[in-house]
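Dear colleague,

I am handing over the structure we spoke about, and the notes on what was found in it follow below. Please read them with the coordinates open beside you.

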Amino acid sequence: MAAPVAAIEQTPPDVTVTGEITGGDHQTYREVPFDVPEGTERITAVLSYDKSNKTVVDMGVWDPARFRGWSGGSRDRFTIAPSDATPGYLPGALPAGRWRVMLGVPNARTDSRARYSVQIFFDRAAERRATAAIADPPLKPGPGWYRGDLHMHDAHSDGSCQSRGGRKVPCPLFRTVAAAAEAGLDFIAVTDHNTTAHFSGLRELQPYFDTMLLIPGIEVTTFGGHANIFGPTRFVDFRVGAPGGPEIRALQRDVVAAGAIMSINHPALPSGEQCMGCGWTWKDTDYGAVTAIEAINGTMTDGPFAGLGFWYARLNEGHRLTGIAASDNHNPDVAAGNPAPGPAPIGRPRTVVHASALSTPAILDGLRAGNVFLDIEGTDTRLLEVDATAKGQRATMGETLPGRRRTTVGAHIAGATGAFAELILNGQPTGERQLIRSDDARLDWALNAGQSCGWLAVNVRGSTGKLLLAGNPVYLACG
């Protein structure tokens with residue numbers, strides 16, 4: 001997962017060590033020492049050197065007590081953290097003290113000279129220099145609608161699949177990622193329960209799966225509910241209520257400190273022996289620190305156990321929360337046509353995010369912004385774009401429009417001929433359903449000044465009433 005040169009240039013190193021390799025260094029090793037301060041959460045090292053005279057330099061690293069990895073000449077950088085490490089390197093505790101990058105020189109021609117530089121970056125407290133220095137460039141640089149699945153599991157928690165011999169076994173991470181790629185997704189979040197053990201595997205797989213973004217995630221599983229966190233750079237303690245463990249708001253603060261965003265999973269499921277800890281019951285939740293609600297989980301699209309009603313109720317309380325959908329897949333072999341209430345295949349349903357690029361920061365920013373729709377059947381083609389205008393001002397999903405004035409709501413809907421679009425106002429259908437007559441339809445509704453307060457959304461349902469697409473809110477200020 002090599003970082004682009006531009007990212008390194010924008011991230012000042014904490015330590016820079018320079019030197020020169022000469023012909024006398026041929027087939028020798030050179031130590032490059034650096035000191036790691038207390039409280040360091042990640043280390044990234046970047047090697048650059050002059051190759052013009054055919055000089056070749058390998059790289060590895062030792063911490064104060066032990067060997068931590070070797071990549072030879074195949075990489076020019078590595079990262080190590082307690083949660084994950086570059087392939088070839090060992091994750092684990094980062095002891096303070098004297099570390100040593102080891103440079104091996106398999107080739108240096110007689111009388112040659114080659115300048116080198118080793119840059120060291122640390123994550124400490126609020127500084128995330130090491131994370132920035134190892135960040136991948138966007139898989140796609142431009143803005144657009146990106147389709148993904150934000151909830152799935154593999155052998156690092158409770159994912160299973162059939163072995164080559166036909167037995168049910170813990171399912172290797174690569175099987176889950178390969179199934180997502182076959183489904184044609186732009187991004188996925190792998191969210192194993194309470195662990196970061198899969199993070200190193202994602203680092204290993206990302207260069208191969210170079211058309212699909214792999215977002216690290218954790219399903220924080222507590223006795224009062226489950227929540228996915230997307231993009232954490234480290235472990236987050238899940239033991240809410242345990243002696244010495246966090247309370248729910250302390251956990252939420254730690255999610256932010258770890259660089260992640262939080263989404264409450266399947267919040268309307270029952271809690272108890274039927275589904276232990278599944279529904280969200282933490283009364284002291286700070287919804288200002290929640291980014292999203294899993295409105296659709298797997299094949300649960302409607303009814304009391306679906307998350308849509310929970311999401312709408314929180315919106316009516318004044319919270320601004322992005323609705324998302326995800327498969328919660330535990331077996332990549334689940335067939336695409338599996339009926340409700342059975343398990344869902346990877347990629348059905350999908351969260352479709354309008355983002356500035358296909359990268360982890362851009363997708364997370366897109367989820368925060370809320371220009372997002374949910375494709376319940378997990379298609380590659382359906383589209384739902386919603387905006388509202390009033391007195392020359394315009395807002396899209398996730399944005400705010402001044403209320404208490406006549407408002408026009410517009411929807412651009414693709415791939416849903418014969419279905420119906422319904423306008424939702426403060427969680428309730430207005431009854432103004434419109435037939436979608438083409439595969440590229442544009443519809444509009446009019447709201448009077450008295451109706452234009454709170455929030456609105458557009459959903460699409462099939463002729464039998466089945467939910468096909470769900471839009472996120474456009475907010476209407478009531479003041």
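**Largest pocket**

In this predicted model, the largest pocket is lined by 33 residues, and those nearest its centre are Thr-131, Ala-135, Gly-231, Thr-360 and Pro-361. Two or more lining residues come from each of helix H2 (129-133), helix H4 (199-205), strand E14 (213-222) and helix H7 (360-369), with H7 giving the largest share, 5 residues. The volume of this pocket is about 790 Å³, and its lining divides by class into 19 nonpolar, 7 polar and 7 charged residues.

**Disulfides**

Cys-161 and Cys-171 are bonded with their sulfur atoms 2.2 Å apart, and the link is right-handed, with 95° about the S-S bond. Cys-161 lies in strand E11 and Cys-171 in the loop between strand E12 and helix H3, so the pair ties together parts 10 residues apart in sequence. Cys-161 is buried at 4% relative accessibility, and Cys-171 is buried at 0%.

In the disulfide of Cys-275 and Cys-278 the sulfur atoms are 1.9 Å apart, and here the link is left-handed, at -80°. Cys-275 counts as buried at 18% relative accessible area, as does Cys-278 at 10%.

Cys-453 is joined to Cys-478 with an S to S distance of 1.8 Å, and the torsion of about 105° about the S-S bond makes this disulfide right-handed. The pair links distant parts of the chain, 25 residues apart. Cys-453 is buried, at 17%, whereas Cys-478, at 35%, is partly exposed.

With best wishes

Key: Residues are numbered from 1 along each chain as its sequence is written. This is a predicted model: local features need pLDDT of at least 70, side-chain atom pairs count only at pLDDT 80 or more; totals for chains, interfaces and linings use all residues. Side-chain values use heavy atoms; hydrogens and water are left out. On a 1 Å grid over the protein atoms alone, a cavity is a set of points where a 1.4 Å probe fits but cannot get out, and a pocket is an open set with protein on both sides within 12 Å along at least five of seven lines; lining residues have an atom within 4 Å of a point. Grid points are joined across faces, edges and corners, and a volume is the space filled by probe spheres set on the points. Helices (H or I, at least four residues) and strands (E, at least two) are DSSP runs, numbered from the N terminus. Ala, Val, Leu, Ile, Met, Phe, Trp, Tyr, Cys and Pro count as nonpolar, Asp, Glu, Lys and Arg as charged, and the others, Gly among them, as polar. A disulfide is a pair of cysteine sulfur atoms within 2.5 Å. Buried means under 20% relative accessible area, exposed over 50%, partly exposed in between (1.4 Å probe, protein chains only).
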